[in-house]
Amino acid sequence: MSDDKTSADEKLACGDGEKPSCGQEEQWLNVKPVPEVNVSPSSRFLQAELELNIHLRRLTFSEPVRYIYNPLEYAWDTHRCYVEKYCQGGQRILFLGMNPGPFGMAQTGVPFGEIRSVVDWLKITGEVGHPPDEHPKRRITGLACTQREVSGARFWGFFRKLCGEPALFFQHCFVHNLCPLIFMSASGKNLTPPELLAGEREELLKLCDTALCQVVEALGVSMVIGVGRVAEQRARRALSAAGVNVRVEGIMHPSPRNPLANKGWEEVAKAKLTELDVMALLNKS
């Protein structure tokens, strides 16, 4: 299959129906749980995220954190498009990242959301707003972002070459981040969750653990693949503690901060996914 053919996923509409407006807390807080009967996996997935947002808004963070962005609020439109388009029943594998990158999901609302992959391959559309408190050096420009996120380009680029069209990948897999928040210091430096104060980090990740368990059960996946050691370890701990019966594995993170990833991340990922019997599901040939 080639990219110039219209695939089934491209025919799906994004963002049909009403949605909560970004930044209007009353609407978020009045969200009612979705009934379990005849509810799509995407609806259950989004409901878990909305409930997580309510709890995250109540958290406070100390130095070195100065700025906090939540793309599940200001980029809800594009995120919802991604989930409604690609979160399907019967997917067996959940790839799990840790949290957004400044030029990926922070801009697009899509995990590992490097702009060209999101617009050109995943065909995500929608409006992206702004966080309430925005760093002057880390402006949100949404789908007009011109800066490249290496991790996202490597991640989605690998699956694009492997699968050809998104439909083949999403027939078997979905991609999600454990934590939706991105943290920055006063200088605009990206701070990962391990760099937060221990008590504040644990309070944050406990909420994210609960949401992860809800998401895994909503999707009915049989394997969670952490992208990076931190995501893998956290997923294993959270799902085991909650008694969720799912296999947890991991692949190397494609970050340019990782010297091994810079030497050939695709080959490392391919070897691991072959070992996990995932490659046979995704090879377009």
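How many bridges join strand 1 to strand 4? Three of them do, and the two strands run antiparallel. Welcome to a set of close-up views of a predicted model, in which local features need pLDDT of at least 70, side-chain atom pairs count only at pLDDT 80 or more, and totals for chains, interfaces and linings use all residues. Residues are numbered from 1 along each chain as its sequence is written, and side-chain values use heavy atoms, with hydrogens and water left out.

View 1. Helices (H or I, at least four residues) and strands (E, at least two) are DSSP runs, numbered from the N terminus. Two strands pair if DSSP finds at least two bridges between them. Look for Y67, which stands opposite M184 in strand 4.

**View 2. G188 sits in the loop between strand 4 and strand 5.** This glycine counts as buried because its relative accessibility is 1%; buried means under 20% relative accessible area, exposed over 50%, and partly exposed in between (1.4 Å probe, protein chains only). Contact means heavy atoms within 4.5 Å. Leaving aside neighbours within four places in sequence, G188 is in contact with H135 and R138. G188 and V65 are 123 residues apart in sequence, yet their C-alpha atoms are 9.6 Å apart in space.

**View 3. A cis peptide bond joins E63 and P64.** Its omega is about 15°. You will find P64 in the loop between helix 2 (41-56) and strand 1 (67-69). Most peptide bonds are trans, and most residues other than glycine have a negative phi.

**View 4. K123 and D277 are two residues with a positive phi.** K123, which is not a glycine, has a phi of about 60° and lies in the loop between helix 6 (115-121) and helix 7 (150-163). K123 counts as partly exposed because its relative accessibility is 34%. The phi of D277 is near 65°, and this residue belongs to the loop between helix 12 (265-275) and helix 13 (279-282). With a relative accessible area of 58%, D277 is exposed.

**View 5. The largest nonpolar core has 73 residues.** A nonpolar core is a set of buried Ala, Val, Leu, Ile, Met, Phe, Trp, Tyr and Cys residues joined through side-chain atoms within 4.5 Å. F95, F169 and L204 have the most contacts inside this core. Its largest share, nine residues, comes from helix 9 (residues 198-219). Not counting residues up to four places away in sequence, F169 touches several partners, including F95, W121, W156 and L282. A second, separate core of eight residues includes Y67, Y74, A106 and I182.

**View 6. Helix 10 covers residues 229-241.** The buried residues of helix 10 are A231, E232, R234, A235, A238 and L239. Among the elements that cover them are strand 2 (93-97), helix 9, strand 6 (223-227) and strand 7 (247-251). Just after helix 10, G243 takes a positive phi of about 70°.

Methods: Expected span 1.5 Å × (residues − 1).
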